Amino acid sequence: MAVEITWWGHATCTVEDSGVRVLTDPLFARRLAHLRRRGALPPPEAADADVVLVSHLHADHLHLPSLARLSPGTGLLLPRGAVGAVPGLARVAAAGGLALTEVAPGEEVTVRGGLRVRAVSARHDGRRLPFGPHRAPALGYVVRGSARTYFAGDTGLFDTMAEEVGSVDVALLPVGGWGPYLGPGHLDAGRAARALAELAPAAAVPVHYGTYWPIGMDAVRPHEFHAPGEEFVRLAARLAPKVTVRALAHGERVRLP
C-alpha cells in the first residue's frame, strides 16, 4: 500500500495511486490578479492527469487557463452547480475534450482501474468571486486506491471533519494562503495541526502556502512566505507525533505512507 505525492505549489498536487494520476486544483499561472508566483512554474508534465479534482470555484482553485492545458479525455470532478456558476467553464471543457462530472458531499465516483473518489464536506465560501452566488458547495475529496488520500481543498476546521472523511492514510492539508492574514473558512498552521490530530493519518503533506504572494509584499513580510509550512511541521510534531509529516519543495515527489 503506497501512494506518490508531487506538490507543484499552492493547492496543486499530483496523487499517483494504482497507476492513476489524480491532479488537484491545477494552477499554472505566473500571475493571478494581484498575486505573483514566487519561483518557477511547474513543468508541462504537471498537467498530465487521468482525473482532476476541483475543490471550489475560487479562481486560484478553478483556473480556466490551467484547465485548458489538460489533455483531451481528462476527467474533471467539480462541485455540483459549478458549470452553471462559472462562465466559460463549459466552453473550456468542450474545446479541450474534458469530461465533466459534478458531485456533492457523500457521492463517490469510480474514475479508472477501480480507483474511487468520494466528495466530502468543506467549510469554506467557495462561490465564484467577486459577485458569484452560492450555487456550488466547497468540497474535499478522498481518493481510494491502494491507499486512502484526503485532499482537503480549502476548509476551516469543523466538528464532523474526521467523521465525514473517515480513516485515511495520507492527508493533504492547507496550512496558509496567499498573504499574512486568513479569513474564516481556512486552516492556518495551528488549526491544520489540530485537524491532523483528529484525522490521524499515517502521513501528511502541507499545501496552500509558499507559492503566491501579493505584489509588493516581498519587501514587507518576506519571512511569512514559508512560515506556515514550517510552523505546521513544528505543531504537528507536538499534536500528532505519530504522523509522518513531509514538507515538500515545489516539484518534489514523495512516496507515502
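**Stop one: two loops**

Start by selecting histidine 10, which sits in the loop between β1 (3-9) and β2 (12-17). Keep in mind as you look around that this is a predicted model. Is histidine 10 buried or exposed? It counts as buried because its relative accessible area is 3%, and the cut-off for buried is under 20%. Now check its backbone: phi is positive, about 55°, although histidine 10 is not a glycine. Most residues other than glycine have a negative phi.

Next, click on serine 18, in the loop between β2 and β3 (20-24). Serine 18 isn't a glycine either, and its phi is also positive, near 55°. Serine 18 is partly exposed, with a relative accessible area of 47%.

**Stop two: a strand**

Jump to leucine 78 in strand β7 (residues 75-79). Its relative accessible area is 0%, so leucine 78 is buried. What does leucine 78 touch? Leaving out residues up to four places away in sequence, its contacts include Val54, Leu62, Leu89, Leu100 and Tyr141.

**Stop three: a pair of helices**

Finally, show helix α5 (residues 189-199) and helix α6 (residues 227-239), which pack at about 35° with their axes 8 Å apart. The crossing of α5 past α6 is right-handed. To see the contact, pick residues including Ala193 and Leu196 of α5, plus Phe232 and Leu235 of α6. By class, this contact has 10 nonpolar, 1 polar and 2 charged residues.

Key. Residues are numbered from 1 along each chain as its sequence is written. This is a predicted model: local features need pLDDT of at least 70, side-chain atom pairs count only at pLDDT 80 or more; totals for chains, interfaces and linings use all residues. Side-chain values use heavy atoms; hydrogens and water are left out. Axes are lines fitted to C-alpha atoms, for helices over the stretch in contact, and angles run from 0 to 180 degrees between N-to-C directions. Helices (H or I, at least four residues) and strands (E, at least two) are DSSP runs, numbered from the N terminus. A crossing is left-handed if the near helix is turned anticlockwise from the far one by less than a right angle, and right-handed if clockwise. Contact means heavy atoms within 4.5 Å. Ala, Val, Leu, Ile, Met, Phe, Trp, Tyr, Cys and Pro count as nonpolar, Asp, Glu, Lys and Arg as charged, and the others, Gly among them, as polar. Buried means under 20% relative accessible area, exposed over 50%, partly exposed in between (1.4 Å probe, protein chains only).
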